[in-house]
Structure formats: structure tokens, C-alpha cells
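Please consider the following protein model from its overall form down to a single side chain. The account is intended to be read alongside the sequence and the coordinates.

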Amino acid sequence: MMDRLDIWILSVLEYNGADNYLVAMSIGEILQEEHDTTRISLYKHLKKLVKKNYVANGPRDNKADSYYITGKGQEALVDVREWEGSGC
């Protein structure tokens, strides 16, 4: 089950076009999108999303991990948006 922060992370990655290895985003870049969360909390959620295959690791940039949304993550966002649109 995903929570609000998970959905927000997937949305940020999708919105910024971080959908493949070469255009992955670092934690610092994700945090610039103005959400009230800490670096460590974001890191923990990203690790959970990687484990569930919603997000994958991109290349390291100056010792910083980077991440991008996978096809499974994009499908999950579609499901969330459809659920929201159904009035549930």
C-alpha cells in the first residue's frame, strides 16, 4: 500500500520526466519540489518504492543516488488517479 508521500514522489518523478536511467533525479532535486519532508524520510520511502519496483536507481552523481519512475510506478499512479476520479 502506498501513502501520500509515496504518491507524491512518483508524481514528482513523472512530472519532471524522470522515467529512465539517464534522466533520474537525486534526493536533493526531488526535495526542491516543495514538500514538507526530511531527506531521511524521503530516502526511506524511495528505498521502499525501489523494493516494490515502482522506482529504480539511476546513475550516481557526485556520490548521490538518483531515481526514476518505472512502468509499474506509472501504472500505479494511473490507478490512484482513476480511484480518485471515481469519487471514492
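The model is predicted. It contains four helices and three strands, and from the N terminus on these elements follow the order α-β-α-α-β-β-α. Along the principal axes, the C-alpha atoms fill a box of roughly 45 × 25 × 20 Å. The radius of gyration is 12 Å, which agrees with the value near 12 Å that a compact globule of 88 residues would have. Of the 88 residues, 36% are buried. Among contacts with a separation of 6 or more, 53% are between residues 24 or more positions apart.

The sheet may be taken next. Its three strands form an open sheet in the order β1-β3-β2, and the pairing is antiparallel. The edge strands are β1, at residues 25-26, and β2, at residues 55-57, each of which pairs on one side only. Strand β3 comprises residues 66-69 and is joined to β1 in the antiparallel sense over two bridges. Within this part of the sheet, S26 stands opposite S66 of β3.

Helix α1, formed by residues 4-15, lies across β1, β2 and β3 and runs at about 90° to β3.

Helix α1 also packs against another helix. Two packed helices are described by the angle between their axes and by the distance between those axes. For α1 and helix α4, which spans residues 71-85, the angle is about 115° and the axes are 10 Å apart. The crossing in which α1 passes α4 is left-handed. On the α1 side, the residues that meet α4 are I7, L10, S11 and E14, while α4 contributes G73, Q74, L77, V80 and R81. Classified by type, this contact has four nonpolar, three polar and two charged residues.

Is D6 buried or exposed? The cut-off for a buried residue is a relative accessible area under 20%. D6 has a relative accessible area of 0%, and it is therefore buried.

Technical notes:
Residues numbered from 1 in each chain as written. Predicted model: local features only at pLDDT ≥ 70, side-chain atom pairs only at ≥ 80, totals over all residues. Heavy atoms only, no water. Pairing = 2+ DSSP bridges. Contact = heavy atoms within 4.5 Å. Axes fitted to C-alpha atoms, helices over the stretch in contact; angles between N-to-C directions. Left-handed = near helix turned anticlockwise from the far one by under 90°. Nonpolar A, V, L, I, M, F, W, Y, C, P; charged D, E, K, R; others polar. Buried < 20%, exposed > 50% of the residue type's maximum accessible area, 1.4 Å probe, protein only. Rg over C-alpha atoms; globule rule 2.2 N^0.38 Å.
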